[in-house]
Structures are given as C-alpha cells and as structure tokens.
Amino acid sequence: TSPAGWREPGQTPEFDEYSVVLRGQLQVETRNGVFQVGAGQGWLAPAGQWVQYSTPGAEGAEYVA
C-alpha cells in the first residue's frame, strides 16, 4: 500500500520488475516518459532500465511488485 503523495527514489534494478495495481493509480517515470498505471493494469520495468515509482493521486495505490 502506498499513500497519496509518496515518491520512491529512482532506481535501476538488476532484474525484471513487474507491478500490478489492485486499487488506485501508480505513476511510473522512466527515461522515455511518465506513465499512469491504474487498477487492473500492470507494468514491466526491464532489468537495467531506470525507473521511479510514485502515487501522486489523492487515494494513493495498492499494488504488488
């Protein structure tokens, strides 16, 4: 569970990272842009790709990574 206004430091994982949003909205920033991932949607951050996750929306998000 991620509260409203949360922002994780940017990272470059050494593994493929999958995220599935169960409730709310997750914002994913990469070198290619900023993406909104809503409930029922998923995201794949490939190994070696810089990524930053946040939940700027008022309801935050519940997700599995």
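Glu 29 has a relative accessible area of 25%, so it counts as partly exposed. That value lies between the cut-offs of under 20% for buried and over 50% for exposed. The model described here is predicted.

Start with the contact that Glu 29 makes. Its side chain meets that of Arg 7 in a salt bridge, at 3.9 Å from N to O. Glu 29 belongs to strand 2, while Arg 7 sits in strand 1 (residues 6-7), so the pair ties together parts that are 22 residues apart in sequence. Arg 7 is partly exposed too, because its relative accessibility is 46%.

The structure holds two salt bridges. What is the distance, N to O, between the side chains of Arg 23 and Glu 62? It is 3.6 Å, and the two side chains form a salt bridge. This pair links distant parts of the chain: Arg 23 lies in strand 2, Glu 62 lies in strand 6, and they are 39 residues apart. Arg 23 has a relative accessible area of 35%, so it is partly exposed. Glu 62 is partly exposed as well, with 32%.

The strand pairing involves these two residues again. Arg 23 stands opposite Glu 62 in strand 6. Strand 2 and strand 6 (residues 61-64) run antiparallel and are joined by four bridges.

Now follow strand 2 through its other pairings. Strand 2 covers residues 17-30 and pairs with strand 4 (residues 42-45) over four bridges, in the antiparallel sense. Within this pairing, Tyr 18 has Leu 44 as its bridge partner.

Which strand is joined to strand 2 by six bridges? It is strand 3 (residues 33-38), and the two run antiparallel. They form a hairpin, with two residues between the strands. Gln 25 has its bridge partner, Gly 38, in strand 3.

Strand 5 (residues 51-55) also runs antiparallel to strand 2, with four bridges between them. Here Gln 27 stands opposite Ser 54.

Which residues make the nonpolar patch of about 260 Å²? They are Val 20, Leu 22 and Val 64. Of these, Leu 22 is found in strand 2. In a regular strand, side chains alternate between the two faces of the sheet.

Notes
Residues are numbered from 1 along each chain as its sequence is written. This is a predicted model: local features need pLDDT of at least 70, side-chain atom pairs count only at pLDDT 80 or more; totals for chains, interfaces and linings use all residues. Side-chain values use heavy atoms; hydrogens and water are left out. Two strands pair if DSSP finds at least two bridges between them. Patches are made of residues with over 30% relative accessible area and no salt bridge: like charges are joined within 9 Å, nonpolar side chains (Val, Leu, Ile, Met, Phe, Trp, Tyr) within 5 Å. Accessible areas come from the Shrake-Rupley method with a 1.4 Å probe; for residues, only the protein chains shown count as cover. A salt bridge is a side-chain nitrogen of Lys or Arg within 4 Å of a carboxyl oxygen of Asp or Glu. Buried means under 20% relative accessible area, exposed over 50%, partly exposed in between (1.4 Å probe, protein chains only).
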